[in-house]
Amino acid sequence: MKILISDSMSNKAVEILKATPGITVDVITNLKPEELKAKIKDYHGLVVRSATKATAEIIEAAENLKVIGRAGTGVDNVDMNAATKKGIVVMNTPGGNTVTTAEHAVAMMMALSRKIPQATASMKRGEWEKKKFEGTEVTGKTLGILGVGNIGSVVASRALGLRMNVIAYDPFISTEAADKIGISLVTMDELFKKSDFISIHVPLTNETKNLVNAEAFQKMKKGVKIINCARGGIVSEKDLAEAIKAKIVSGAAFDVFEKEPPAADNPLLQLDEVILTPHLGASTFEAQENVAIAIAEQIADYLTTGTIRNAVNVPSIPAELLVSLGAYISLGEKLGSFQGQILQGGIEEITVEYSGEVVSYDVAPITIACIKGLLDKVLDTYVNFVNAPFVAKERGIKVVEVKSSRPTDFASSITIKVRTKDAENIVEGALFGKKEPRIVRIDKFFLDAVPEGYLLLLQNEDKPGVIGNVGTLLAANNVNIARLHLGRQSTGGEAVSVWSVDTPLSKGLIEKVLKLPHMISAHVIEL
Ligand code: NAD
Ligand code: MLT
């Protein structure tokens, strides 16, 4: 496996990856987009910070790429749709630079309120301007935090230590979580109205782009100070410059910009009220070591063992949960694959129904395994755990996940119902004993089949001699039968049988099986 590290980062990443058997690493930074596009096809892993832009065009050219690792938090420099569609896992290192970035935001707030950078520049010009640099205290002032995730909550705790009154807007956290941090949740308009300082800690998304714009500045308290150590583009730079000129905003501290580095004519560079750092939020020795170690270990684990941690486009399963969920994930994939190999006609809807103990888990990874198993056998497209939901959606296949309270004969069971234009196919599975997977139902037939290896699924009229005829035919063609599982609805009605065989069955042999008396259908399945 070849890994490309395309942005500068702590050497710890190289050391960890180089020490992993089977992995080689190249560090090539400052690549132009066309250079990266030409090189990327040789690599299985790409490690970036924020300088490399993993665009759709680059991802398209990445023939062998399995994982993109972001040594940091924000993943807005990776085209997530393109990566997901191609089955590439995108992972980041949340938490690794949280404290460092929060400290930077607090440092920016203090420097802004006491005009430290402006005073430093003045002194270096040989001046001594005490009056000009009179500042404001932060004690007793209101800090409004937009986004109280990892970084926002550390900023809140530090600000509370500075005796500030902290309010926040974050529609995705609960009042209990805010109470725990010791802050009050308010609406965004209230935050704009009440805050003396506003610090931004939301990710850059379609919803947050230009969130703080001319309209927002109009709602703010006169003299407010704005700190942005999250992402350029969340605050409109043009509108901010106007709000400063209109004396609505008395100062701003920016670490991140719409374009990095900003163009020389960027209005923020011209205003004395604005203090700036060149995207230094995460730049401490400690944070850089944390994120480099974390991303290298995550990538090495994924490429060598398949363990996914901190992925942003596929559910990550903590190791302790994997112990309980692993067998269900494998069962789900087998059931899906079984369905995929017997299906006739286009799929319209897939329902995955869970019953019994399994409902107490977050079943999303099992559902993905079912879809992956199913679509992988039906489509030409390469389907894996990352792109399975995307591929289903792209093809207009509705996926429904149901946790049922329906009583079942098993401790837990998973049922996949696939609706096509003309029919509904049902396959149910369960775990027996020490988590041994079994198929326990195929449509209306109940049975107990081991979903493993080469299987021959037969449907026939329940008449004497059918099983004997099939056995004789297989034996005559030198096919050894490992196991046979039978199921029927009623005596003399229809019956199914699942034959586990040691070798694949040829098309010619299946045709012969189909010609045997009382045979209705025959499918060959490989699991
Ligand atoms: P996080 O995911 O833990 O927190 C983000 C918070 O924003 C979440 O609580 C989320 O609910 C909230 N949020 C999302 N959309 C929102 C909206 N529309 N309105 C209000 N709240 C919203 O992320 P984090 O680790 O705290 O990092 C936040 C951002 O900081 C990152 O996305 C990254 O862009 C940036 N960052 C910058 C630097 C730097 O060097 N300057 C370093 C690290 C992170
Ligand atoms: C991040 O999102 O982690 C930051 O932008 C830090 C970095 O510069 O990588």
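I take buried as under 20% relative accessible area, exposed as over 50%, and partly exposed as in between. The model I am reading is a predicted one.

**Entry: lysine 132**

I placed lysine 132 in the loop between H6 and strand S6, which spans 142-146.

**Entry: ligand 2**

Next I turned to ligand 2. Which residues are around ligand 2? I listed Arg49, Ser50, Arg70, Ala71, Gly72, Thr73, Gly74, Asn97, Arg231, His279 and Ala282. I sorted this shell by class. It has two nonpolar, six polar and three charged residues.

I went through the contacts to oxygen atoms of the ligand. Threonine 73 uses its backbone: an N or O atom there lies 2.6 Å from an oxygen atom of ligand 2. Asparagine 97 uses its side chain, with an N or O atom 2.9 Å from a ligand oxygen. How much of ligand 2 does the protein bury? Taken alone, the ligand exposes 260 Å², and the protein buries 92% of that.

**Entry: histidine 279**

I picked histidine 279 out of the ligand 2 shell. Its place is in the loop between S12 and H13. I looked at the backbone too. Phi of histidine 279 is near 50°, a positive value in a residue other than glycine. Is histidine 279 buried or partly exposed? Its relative accessibility is 22%, so I count histidine 279 as partly exposed.

**Entry: threonine 284**

I stayed in that part of the chain for threonine 284. It sits in the loop between strand S12 (274-276) and helix H13 (285-305). I noted two contacts of its side chain. One is a polar contact of 2.6 Å to the side chain of threonine 100. The other reaches the backbone nitrogen of alanine 287 at 3.1 Å. Threonine 284 has a relative accessible area of 26%, so I wrote it down as partly exposed. I also took its separation from tyrosine 361. They are 77 residues apart in sequence and 39 Å apart in space, C-alpha to C-alpha.

**Entry: lysine 115**

I found a positive phi at lysine 115, again in a residue other than glycine. The value is near 50°. Lysine 115 lies in the loop between helix H5 (98-113) and helix H6 (116-124). Its relative accessible area is 28%, so lysine 115 is partly exposed.

**Entry: threonine 20**

I located threonine 20 in the loop between helix H1 (12-18) and strand S2 (24-27). What does its side chain contact? A polar atom of that side chain lies 2.8 Å from the backbone oxygen of isoleucine 16. Threonine 20 has 14% relative accessibility, so I count it as buried.

**Entry: aromatic pairs**

I looked up the aromatic pairs. There are two in the structure. Phenylalanine 254 and phenylalanine 257 form a tilted pair. I read 6.4 Å centre to centre and 45° between the planes. Both phenylalanine 254 and phenylalanine 257 are buried.

Phenylalanine 410 and phenylalanine 432 form a stacked pair, at 5.7 Å centre to centre and 25° between the planes. This pair links distant parts of the chain, 22 residues apart. Phenylalanine 410 is in the loop between strand S14 (398-404) and strand S15 (412-420). Phenylalanine 432 is in strand S16, residues 424-432. Phenylalanine 410 has a relative accessible area of 24%, so it is partly exposed. Phenylalanine 432 is partly exposed, with a relative accessible area of 24%.

**Entry: lysine 2 and tyrosine 43**

I also followed a charge over a ring. The charged end of lysine 2 sits over the ring of tyrosine 43, 4.9 Å from its centre.

**Entry: a cis peptide bond**

Last, I looked at proline 261. A cis peptide bond joins glutamate 260 and proline 261, and omega is about -10°. I placed proline 261 in the loop between strand S11 (249-254) and helix H12 (267-270).

Conventions. Residues are numbered from 1 along each chain as its sequence is written. Chains are lettered from A and ligands numbered from 1 in the order in which they are written. This is a predicted model: local features need pLDDT of at least 70, side-chain atom pairs count only at pLDDT 80 or more; totals for chains, interfaces and linings use all residues. Side-chain values use heavy atoms; hydrogens and water are left out. A residue is near a molecule or strand if one of its heavy atoms lies within 4 Å of it. A polar contact is a pair of N or O atoms within 3.5 Å; within protein, one must be able to donate a hydrogen and the other to accept it, and residues adjacent in sequence count only if both atoms are side-chain atoms. Accessible areas come from the Shrake-Rupley method with a 1.4 Å probe; for residues, only the protein chains shown count as cover. Ala, Val, Leu, Ile, Met, Phe, Trp, Tyr, Cys and Pro count as nonpolar, Asp, Glu, Lys and Arg as charged, and the others, Gly among them, as polar. Rings of Phe, Tyr and Trp (its six-membered ring) pair if their centres lie within 6.5 Å; planes under 30 degrees apart count as stacked, over 60 as edge-to-face and the rest as tilted. Buried means under 20% relative accessible area, exposed over 50%, partly exposed in between (1.4 Å probe, protein chains only). Helices (H or I, at least four residues) and strands (E, at least two) are DSSP runs, numbered from the N terminus. A charge sits over a ring if NZ of Lys or CZ of Arg is within 6 Å of the ring centre and within 35 degrees of the ring normal.
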